[in-house]
Each structure stands twice: as structure tokens, then as C-alpha cells.
Amino acid sequence: MSVQNKTAVITGAASGIGLEIAHVFAANGANVVIADLNPEGAEKAAAEIRAKGGQALGLAMNVTDEVAVNAGIERAAKHFGSIDILISNAGIQIVKPVNELAYEDWKRMIAIHLDGAFLTTKASLNHMYAQGTGGSIIYMGSVHSKLASVLKAPYVAAKHGLLGLARVVAKEAAPHKVKANVVCPGFVYTPLVAKQIPEQAVTLGISEDDVVKKVMLKDTVDGEFTTTADVAACCLFLAGFETLALTGQSLIVSHGWAME
Ligand code: NAD
């Protein structure tokens, strides 16, 4: 039950949840590949991990660009010798009611969350199948993989879609001992969420404090944000789990906001 000496590609790892996962996996002996749209952020994060004695490679990657994804996964495989774990985490948020949402914004959301998950999965699976040593794919879903909230149609649609992708990959990749699972966090205070608070305050006509207390955290058991460390711990558990007993599953980490 370990990620020691395994190579983990983490998309969107220059910030927030992905960055924490990169630090936690590196501290547990994984070779981490920080793949992000922001090349300086990816290199900075990789340098920080190397400075702490970990193994890390920073990569510029737009997960919606097939050529860039294939080139990045290839480079990571050459650099560390294998691709064992993919954490498809890159994501953005656009908050608008459906009747005001621009089609371009809908397509951008679906592209980053779903096309990105597909492209990185396809490229990683081909390495995992050729290596013949199994693997683990983890999609960063959300409580919004299970529930809906106003103003978040493309996000909710895409995050629900990841459950379907994970279940198909779990079935197709099982003969190669590759698992696919989804981690579903509640609100985590990262730049992605910090940006939404003033936006939602304006759209809903309430204070920023009320957006946090009466919208974001209202259904949690304790009024607390989930932390990046909570999410990274779930990913570490799933990535290190040895058998196919845990595949095609989704794990909600949300202070009880969603229960099933
Ligand atoms: P964040 O904004 O802190 O980090 C997202 C990272 O993704 C950034 O470094 C950004 O550069 C990168 N990125 C954006 N578009 C990209 C692209 N096309 N290609 C490659 N990289 C790209 O956000 P976060 O809160 O850490 O979110 C990470 C993931 O967790 C997202 O999928 C998000 O939907 C999910 N999530 C977040 C929360 C939350 O409350 N923060 C809750 C549930 C799920």
C-alpha cells in the first residue's frame, strides 16, 4: 500500500489541491510530475519539492491540447521511466445561470474537465498497458459529481460525467490491473473558491460572509471547509491501494455535505 518509487502525473498541480497532492505524494516517495497550464508555477512547485529532497518534474501542459498532453506524458515517462498514477485534477469554475451562460464558456468548462480527463487518461493508459505493472487513475470530481447547485451547470455536468468515465475505465483497464476512481471534495479554500465568493455574492445579492456560511458550507456537519490535506490523503489512499477491490468508486470528502 504505497506510492514509493511510482511516477504520478498530477494535472493542475501548480496551485491548490493539485499542489498539495504533489507535495504529499513526493513526501511519500513518489516521483511527481507537475503538469499545469502555468509553466512558471509548475517549475516553481517542482523546484520546491526537489529542494525538500523529493523527485519532481515541472511540465507546461494544457490538458485540452492533445499534442501537448501526449508530448507531456511521453516526456514524463522518459524522465522517470514509467507512468504509474494519473491524477486528473486541472479545473476551473465559471459561475452563471444557464440562461445567461455563453456557449463558449460551456464548451471551455467541458473541455478542461472532461476532454482533459479523457486525453490524459488515454495517453497514460497506453504507457500503463505497455508497462504491464498496473496503475491507478484518480479523477478530481466534486460533491457536484453527486449533487447540483445553482449557477454551476457546466461544472455539475462535467463532474457527473467523470463518474461515467471512471466506471468505463475501471472495466476496460481491469485486465491490465489499472484502477480508476473519483475523489469528490466539498468546498476547499483554494484560489478557485476564493474567486467564486465575490462573484456569487454579486449574483445572489448577499454578502461574501453569507456566501460562505449560507451557501458553501451550509449543509456540512460542522461549517468547516474541507482542506487540501484531506483531499491529498484520500488520493494517497486510493493510489496506494494494491488490488482491484477498489475500482470504479467515488469517495466523498466534504464534512458530511453529501452522504451516500
Ligand atoms: P486552483 O485554481 O487552485 O488550481 C487549478 C489549477 O489548474 C491551476 O494551477 C491552473 O493553472 C490549472 N489549470 C487550469 N486550466 C488548465 C488546463 N487547461 N490545463 C492544465 N492546467 C490547468 O483550483 P483547485 O481548487 O485546486 O481545483 C483543483 C480541482 O479540484 C478542480 O478540478 C476542481 O474542480 C476540483 N475541486 C475543487 C474544489 C474546491 O472547493 N476548491 C472542490 C471540489 C473539486
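The largest cavity is lined by Ser88, Asn89, Ala90, His113, Ala117, Tyr139, Met140, Lys159 and Leu162. A cavity here is a set of points, on a 1 Å grid over the protein atoms alone, where a 1.4 Å probe fits but cannot get out, and lining residues have an atom within 4 Å of a point. Its volume is about 40 Å³, where volume means the space filled by probe spheres set on the points, with grid points joined across faces, edges and corners. H4, strand E5 (135–140) and H5 each give two or more residues to this lining; helices (H or I, at least four residues) and strands (E, at least two) are DSSP runs, numbered from the N terminus. By class the lining splits into five nonpolar, three polar and one charged.

A quick word on what you're looking at: this is a predicted model, where local features need pLDDT of at least 70, side-chain atom pairs count only at pLDDT 80 or more, and totals for chains, interfaces and linings use all residues. Residues are numbered from 1 along each chain as its sequence is written, and side-chain values use heavy atoms, with hydrogens and water left out.

Now for the largest pocket, a pocket being an open set of grid points with protein on both sides within 12 Å along at least five of seven lines. About 800 Å³ of space lies in there. Its lining counts 39 residues, and Asn89, Ala90, Gly91, Ile92 and Leu192 come closest to the centre. Asn89 and Ala90 also belong to the cavity lining we started with. H6 provides the largest share of the pocket lining, with six residues. Sorted by class, that lining has 18 nonpolar, 15 polar and six charged residues; Ala, Val, Leu, Ile, Met, Phe, Trp, Tyr, Cys and Pro count as nonpolar, Asp, Glu, Lys and Arg as charged, and the others, Gly among them, as polar.

This pocket is where the ligand sits, in the sense that more than half of its atoms lie within 2 Å of the pocket's grid points. There are 29 residues around the ligand, with Ser15, Asp36, Tyr155, Val188 and Thr190 nearest; a residue gets in if one of its heavy atoms lies within 4 Å. Helix H1 (16–27), helix H4 (103–131), helix H5 (153–173) and helix H6 (191–204) each bring at least two residues to that shell, and H6 has the largest share, at three.

The protein covers 92% of the 830 Å² of accessible area that the ligand has on its own, by the Shrake-Rupley method with a 1.4 Å probe.
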